[in-house]
Amino acid sequence: VTEVTVRQKILAGNAAAAAALRARFHGARTLVVNLISSPGSGKTTLLEATVRALAGRLRLGAIEGDIATERDADRLRRLGIPAHQILTGGACHLDARQVQGALEQHDLGPLDLLFIENVGNLVCPTSYDLGEDFKVALLSVTEGEDKPFKYPAIFAKAEVTVITKADLLPHVSFNLDEVRAQVDALRPDGRLLVTSAMTGEGIAAWSMLLEERLAAKRERSS
Ligand SMILES: Nc1nc2c(ncn2[C@@H]2O[C@H](COP(=O)(O)OP(=O)(O)OP(=O)(O)O)[C@@H](O)[C@H]2O)c(=O)[nH]1
Ligand SMILES: [Mg+2]
């Protein structure tokens, strides 16, 4: 067998598991968001800010993907939401079977919103459907404005791009207009949000987007 057919088989197996997950999340009326970005661009920090903004209003939970350590799940549990850590032991992305396994092991309870924080990587997680409603790509202002065109697949697949660490804009050269143009070319119907978990900029808009998407999902399934 060639490398291509092995990859096709893996992705076909993943697609079947993802379809089962999507049906399960539909039945549970849970909105599921798959967060993808480079290591350290601010996924867990954005989730912490989101929990602070939405806890009390919505039932939130998280599945955290990392190569090693329970640190990210611990950070979210500290804020009082159920969080399950998947350790990939080296793999640079989560797959749908791992998410199924996580949900079998750990009952996160009835949820309005489930966040899946993927392993920090801008490439590997892109082709793995996890049964999510949509993917979110994060790009921090310290990473450079050339990244959407250099890593086009994720910015084309993500319905939402979140620029993070906007508080650092005065200190770095990062042309926001350039990023907007690239993301717009790759995903014309996408949304781009500019946020800072530090100052709170954009967190209300991000929270509102999540609430709107949850309401739309429930409208469709009722
Ligand atoms: N200045 C500033 N720093 C931030 C912001 N958001 C996150 N950081 C910092 O960026 C670093 C990495 O943040 P994390 O949230 O752990 O990043 P991550 O994407 O979850 O990282 P991995 O899970 O390892 O892929 C931490 O030191 C955060 O404090 C922000 O809005 N502004
Ligand atoms: Mg993290």
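Predicted model: local features only at pLDDT ≥ 70, side-chain atom pairs only at ≥ 80, totals over all residues.
Local features require pLDDT of at least 70 and side-chain atom pairs count only at pLDDT 80 or more, while totals for chains, interfaces and linings use all residues. Residues are numbered from 1 along each chain as its sequence is written, chains are lettered from A and ligands numbered from 1 in the order in which they are written, and side-chain values use heavy atoms, with hydrogens and water left out.

**The disulfide**

Select cysteine 92 and cysteine 124: their sulfur atoms lie 2.1 Å apart and form a disulfide (a pair of cysteine sulfur atoms within 2.5 Å). The count by this rule is 1 disulfide. Because the torsion about the S-S bond is about -90°, the disulfide is left-handed.

Next, display the flanking elements (helices, H or I, of at least four residues and strands, E, of at least two, are DSSP runs numbered from the N terminus). Cysteine 92 occupies the loop between β3 (83–87) and α4 (96–105), and cysteine 124 the loop between β4 (113–117) and β5 (134–140), so the pair ties together parts 32 residues apart in sequence.

Colour by accessibility (buried is under 20% relative accessible area, exposed over 50%, partly exposed in between, with a 1.4 Å probe and protein chains only). Cysteine 92 is partly exposed at 26%.

**The magnesium site**

Now select the magnesium ion (ligand 2). Its protein donors are Thr44 (OG1), Asp72 (OD) and Glu117 (OE), 2.0 to 2.1 Å away. Donors are N, O and S atoms within 2.8 Å of the metal (3.2 Å for Na, K and Ca); water is not among the atoms, so sites may look incomplete. The donor residues follow the spacing T-x27-D-x44-E.

Threonine 44 in helix α2 (residues 43–54) and glutamate 117 in strand β4 link distant parts of the chain, 73 residues apart. Threonine 44 is buried at 4% relative accessibility, and glutamate 117 is buried at 3%.
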